[in-house]
Amino acid sequence: MDRVTQDARGEERRAQYPSAQRRAPQSGQYRPSQRASTSRVTEERYRPGSRRTAAQPLTAAWEPKSEPAARKKQADKGKLSKLGKVYGWRMYAVPILVVLTVLVVFRTASGPAEPVSEAAGQSTGAAAGSGDGSGDGNGGDVLVENPPTPIDLKVDTAELPDGNPFTETGKGTWHAIPGPAGEKKGTGGAFFTYTIEAEDGLDPATYQGDDSFAASVQNTLSSQQSWVGTGKYTLQRVDANFPNPSFKVSLTSSNTTHRADLCGYQIKFEASCYRSSAGRVIINVARWIRGAKAWENDLSGYRAYAINHEVGHALGGKHVGCAENGALAPVMMQQSFGVANDYVEKLNNIPGGDKGKVPADGKVCKPNAWPNPSGKAGG
């Protein structure tokens, strides 16, 4: 039997099936030349720094040169991401708040000092509460006002003190305050009658009403410390129907007081006066409610002074100064302005002022409301 060699069989098969010679090799079967070509392409495509062709993917090094830095950057990002998840927006807000706090502390420490008041060491605000919860009805602390700083009697005492409101402008007319005619007060001397009035248009609530004002006037002029106690004058309050009283004590708004036919306003501070042509003792409601700085908190004492001083003009008295340093001021001194001769003289040394009545001799007196302070008969 003839044996057919392998090559013969192959030739016979190829002759019988001509298309078989063009068939692609089966999967998993590679010719040596094909494997060599594939390996060479792979090496060329992924060689670091080589230029790729249009058919090749992006070339990248499997081992980056800056691997330690890249790994550190990736680790830092991981830490920030973890902090962000834990603390959220607070991670950014807290550092900003710390910076702002440092800036505020720096500016506070390096800023200008607070101005110091003229009364060195004195607080101008309210003191802390007592803590006993009494006084305000709300169970809270009670605010206690600091004691007032003593007034310097040598300067700036003519200014109207701060205080309750008053009527600045009335109607310019007055009404008599009704009341029983008083007894004559005094033991002799010149006899004077008077009525008590209030300007129309004043707010009674600011001065406690007409009756309160009338009682203050009558009680003051009836006192033995007043003019009747000197033995030189006798005074009697009369009602509105009494013809031609010697004078009228009239509570008056500040702007009406400033009128040229009444007190005028040459010295630019609130004052009361006596106007003989009008037959009126003008009591300025601003002073009646606020008082005067030289008197500090003694409003009742100041009111007695204002009545006695202006009625003293109606009785013929003139302005005088402090006669003895440290003594009680004469009631005819201009104590609404002050009790220091130098200061009062300076105010009067203007056109329209009462020049020459008060000497600039440096004397300072104490406030005094009465022409007869001892209350002894005959002074």
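**Contacts, bonds and a pocket**

Biologist: Which residues does W288 touch, leaving aside those up to four places away in sequence?
Modeller: W288 touches Y207, F213, S216, L251, I283, L299, R303 and I307, where contact means heavy atoms within 4.5 Å. Please note that this is a predicted model, in which local features need pLDDT of at least 70 and side-chain atom pairs count only at pLDDT 80 or more, while totals for chains, interfaces and linings use all residues. Residues are numbered from 1 along each chain as its sequence is written, and side-chain values use heavy atoms, leaving out hydrogens and water.

Biologist: Where is W288 placed?
Modeller: W288 is in helix α8, residues 285–290. Helices (H or I, at least four residues) and strands (E, at least two) are DSSP runs numbered from the N terminus.

Biologist: And is W288 buried or exposed?
Modeller: W288 counts as buried, because its relative accessibility is 2%. Buried means under 20% relative accessible area, exposed over 50%, and partly exposed in between, with a 1.4 Å probe and protein chains only.

Biologist: How many residues separate W288 from I307 in sequence?
Modeller: W288 and I307 are 19 residues apart in sequence, and their C-alpha atoms are 9.8 Å apart in space.

Biologist: New topic. How many disulfides are there?
Modeller: The whole structure contains 2 disulfides, each a pair of cysteine sulfur atoms within 2.5 Å. One joins C263 to C273, with an S to S distance of 1.9 Å. C263 is in the loop between α7 (254–257) and β5 (273–275), and C273 is in strand β5, so the pair links distant parts of the chain, 10 residues apart.

Biologist: Is that disulfide left-handed or right-handed?
Modeller: The torsion about the S-S bond of C263 and C273 is about -85°, so this disulfide is left-handed. C263 counts as partly exposed because its relative accessibility is 21%, whereas C273, at 12%, counts as buried.

Biologist: Which cysteines form the other one?
Modeller: C322 is joined to C365, with an S to S distance of 1.9 Å. This pair also links distant parts of the chain: C322 is in the loop between α9 (299–314) and α10, and C365 is in the segment after α10, 43 residues apart. The torsion about the S-S bond of C322 and C365 is about 80°, so that disulfide is right-handed. C322 and C365 are both buried.

Biologist: What pattern do the disulfides follow?
Modeller: Counting bonded cysteines along the chain, the pattern is 1-2, 3-4.

Biologist: Now the second largest pocket. Which residues lie nearest its centre?
Modeller: C263, S272, C273, H319 and Q334 lie nearest the centre, among 32 lining residues. The elements giving two or more residues to this lining are β5 and α9, and the largest share, 4 residues, comes from α9. On a 1 Å grid over the protein atoms alone, a pocket is an open set of points where a 1.4 Å probe fits, with protein on both sides within 12 Å along at least five of seven lines, and lining residues have an atom within 4 Å of a point.

Biologist: What is Q334 in contact with, going by the contacts of N348?
Modeller: Q334 is touched by N348, which also touches I267, G353, D354 and K355, not counting residues up to four places away in sequence. N348 lies in helix α10, residues 341–348, and is buried, with a relative accessible area of 3%.

Biologist: Last topic. How many salt bridges does the structure hold?
Modeller: The structure holds 3 salt bridges, each a side-chain nitrogen of Lys or Arg within 4 Å of a carboxyl oxygen of Asp or Glu. One is between E159 and K293, whose closest N and O atoms are 3.2 Å apart. E159 is in the loop between α4 (90–110) and β1 (174–176), and K293 is in the loop between α8 and α9, 134 residues apart.

Biologist: Are E197 and R280 buried or exposed?
Modeller: Both E197 and R280 are buried. Their side chains meet in a salt bridge at 2.4 Å, N to O. E197 belongs to strand β2 (residues 190–199) and R280 to strand β6 (residues 280–284), 83 residues apart.

Biologist: And which residue pairs with R259?
Modeller: R259 forms a salt bridge with D261, the closest N and O atoms being 2.9 Å apart. R259 counts as partly exposed at 32% relative accessibility, and D261 counts as partly exposed at 40%.
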